[in-house]
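The following exercises are to be worked through with the sequence and the coordinates at hand. Each task is followed by a solution that goes step by step.

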Amino acid sequence: MIGWQAASFVLLGLALAGGFAWYERSDPSAKVLALVATLAALAALGRVAFAALPDVKPTTDIVLISGFVLGGAPGFAVGSVAALASNFFFGQGAWTPWQMFAWGVIGLLGAGLGRLSGRRLGRVPLTVACGLAGLLYGVILNFSTWITFSGDLTFDHYLVIAGSAFPFDLTHAIGNVVFCVAFGPALVRALLRFRARIDVRFAPIAAASLVALLLAVPVAFALGTPAAVSHGVIYLTRTQNADGGFGGAPGAPSNELDTSWAVLGLAAAGRDPRSLVRDGRTPVSYMLAAASSLQGPGDLERTILALGAAHVAPPAAMLKSLRTAQQKDGSFGRLVNQTAFGILALRAAGTPASSTAIRRARVWLTHQQNADGGFNFAGQGGGSGIDDTAGALQGLVAGGAPRKGAVARAGAYIAGEQNPDGGFPLQPGGPSNAQSTAWAIQGLVAAGRVPSRTTRHGSDSPLTYLAGLSVTDGSVRYSATTTQTPVWVTAQALTGLAQRPFPING
């Protein structure tokens with residue numbers, strides 16, 4: 001993503017230069033618009049410049065003060081445009097509209113504060129307002145996480161999300177206080193001098209039109225599909241074989257493993273696998289035809305999970321075989337990964353989380369957690385891995401485990417193993433790769449965390465890292481240096497980029 005980061009700096013720098021140039025040459029109305037553009041670019045650059053310090057940004061202060069001095073419409077514009085522009089550096093996603101809205105609201109609240117105080121506010125009240133604005137921003141983003149990713153729309157779960165995010169929100173608020181003490185009153189005085197010299201009034205209809213236009217941008221973005229996802233879908237559809245299935249690479253013979261993963265990736269990205277017809281065959285028809293050749297619980301679980309993602313009920317014999325494979329202790333094969341997928345497959349087939357089979361599997365799985373919060377595929381005591389932990393975490397949540405205790409510890413373990421490039425390795429300390437990063441994203445979402453805010457080393461988020469591995473044909477590389485099994489890798493990357501934990505139909 002270095003190219004995008006450099007381009008972001010160039011574009012924001014040009015916006016600043018262009019804003020100042022426009023200000024020098026333009027009539028009063030254009031000068032106000034130029035100042036708004038300049039402040040938005042400054043707010044975005046402030047966010048980028050402090051990327052190494054998560055949640056410590058001057059952006060919120062700049063937005064609030066812009067609204068405080070210039071009014072509601074300019075304040076909203078500065079906040080929403082700053083969020084959109086800076087995310088060309090941090091990575092665009094479903095969080096962008098919410099960030100645009102949150103900072104836009106702070107700009108509007110700044111305008112209300114300015115109106116109530118006659119734009120006369122001392123250093124201390126202004127500093128308090130900036131600190132509270134940081135907490136409000138966190139409340140809005142936590143709400144977005146709750147309704148977008150959690151799958152558990154209870155107030156108790158919102159409190160869990162808010163509680164886990166509180167350290168970040170508090171850091172944001174403290175940073176706002178420090179920045180306001182440093183430059184807040186000076187920025188207010190500078191903008192007041194501008195306002196005194198050039199008095200441009202925003203008529204209500206004009207302000208409403210501007211706000212509506214800016215709200216249309218995040219709504220349109222939210223309804224759109226990120227480029228890496230749409231390109232990945234196109235790539236997968238082009239690699240489908242005449243028998244309806246998929247191989248590990250374009251032209252490779254179809255097999256059940258790659259077909260199941262392709263179905264899961266396509267379903268996660270919003271493409272109905274049943275709509276992919278090649279010579280009258282679909283991926284679903286291929287999987288059903290190959291059902292008799294499945295070997296062991298792992299194949300059964302993956303196929304049932306994929307059929308569920310395609311909204312197709314598994315054959316009764318397949319589901320019976322899966323249930324028969326469950327051990328007396330509740331596990332499947334006495335392995336963490338098979339037990340996690342056993343829960344996911346049962347849930348995908350419509351088995352309630354409260355069922356005895358799932359409850360027993362969940363209890364067994366919980367007891368396999370290592371002291372560091374992670375899981376090993378074989379059970380407790382083996383070295384924890386990112387893929388195994390993410391799979392176990394999704395199984396626990398799908399099986400009805402609350403997002404605290406074992407789930408919270410597993411989420412913390414995953415977040416703590418992030419590499420400096422934003423990605424995740426298969427084993428702690430190893431190089432990042434696309435599949436482990438996709439698993440990590442799914443695990444983070446299942447645990448109620450926000451992947452876009454997972455930047456342990458102050459660098460890219462895992463979403464940005466993963467999108468950066470997308471190449472021109474739409475496939476996703478395994479790593480920055482390796483290309484292998486592109487169909488499988490791209491399919492798994494789609495589940496991460498779409499931020500959809502298993503089961504997809506859950």
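Buried means under 20% relative accessible area, exposed means over 50%, and partly exposed lies in between (1.4 Å probe, protein chains only). This is a predicted model, in which local features need pLDDT of at least 70 and side-chain atom pairs count only at pLDDT 80 or more, whereas totals for chains, interfaces and linings use all residues. Residues are numbered from 1 along each chain as its sequence is written, and side-chain values use heavy atoms, with hydrogens and water left out.

**Exercise 1.** Determine what share of the residues in the protein chain is buried, and describe helix α3 in terms of span and cover.

*Solution.* Next, take α3, residues 59–70, whose twelve residues reach 16 Å from first to last C-alpha, close to the 16 Å expected at 1.5 Å a residue, where the expected span is 1.5 Å times one less than the number of residues. Twelve of the twelve residues of α3 are buried, including D61, L64 and F68. Finally, inspect G71, which follows α3 and has a positive phi near 115°.

**Exercise 2.** Find which residue forms a salt bridge with D169, and state whether the side chains of R302 and E256, which also meet in a salt bridge, are buried or exposed.

*Solution.* Apply the criterion first: a salt bridge is a side-chain nitrogen of Lys or Arg within 4 Å of a carboxyl oxygen of Asp or Glu, and a search of the whole structure finds five of them. D169 pairs with R453, the closest N and O atoms being 3.4 Å apart. This pair links distant parts of the chain, since D169 lies in helix α7 and R453 in the loop between α18 (434–446) and α19 (462–467), 284 residues apart. D169 counts as buried because its relative accessibility is 5%, while R453, at 23%, is partly exposed. Turning to R302 and E256, their N to O distance is 2.6 Å, and both residues are buried.

**Exercise 3.** Identify which residues touch the most other members of the largest nonpolar core.

*Solution.* A nonpolar core is a set of buried Ala, Val, Leu, Ile, Met, Phe, Trp, Tyr and Cys residues joined through side-chain atoms within 4.5 Å. Of the 83 residues in the largest one, L264, L365, L393, I414 and F502 touch the most other members. Apart from it lies another core, of 32 residues, among them L64 and C130.

Definitions and conventions. Helices (H or I, at least four residues) and strands (E, at least two) are DSSP runs, numbered from the N terminus.
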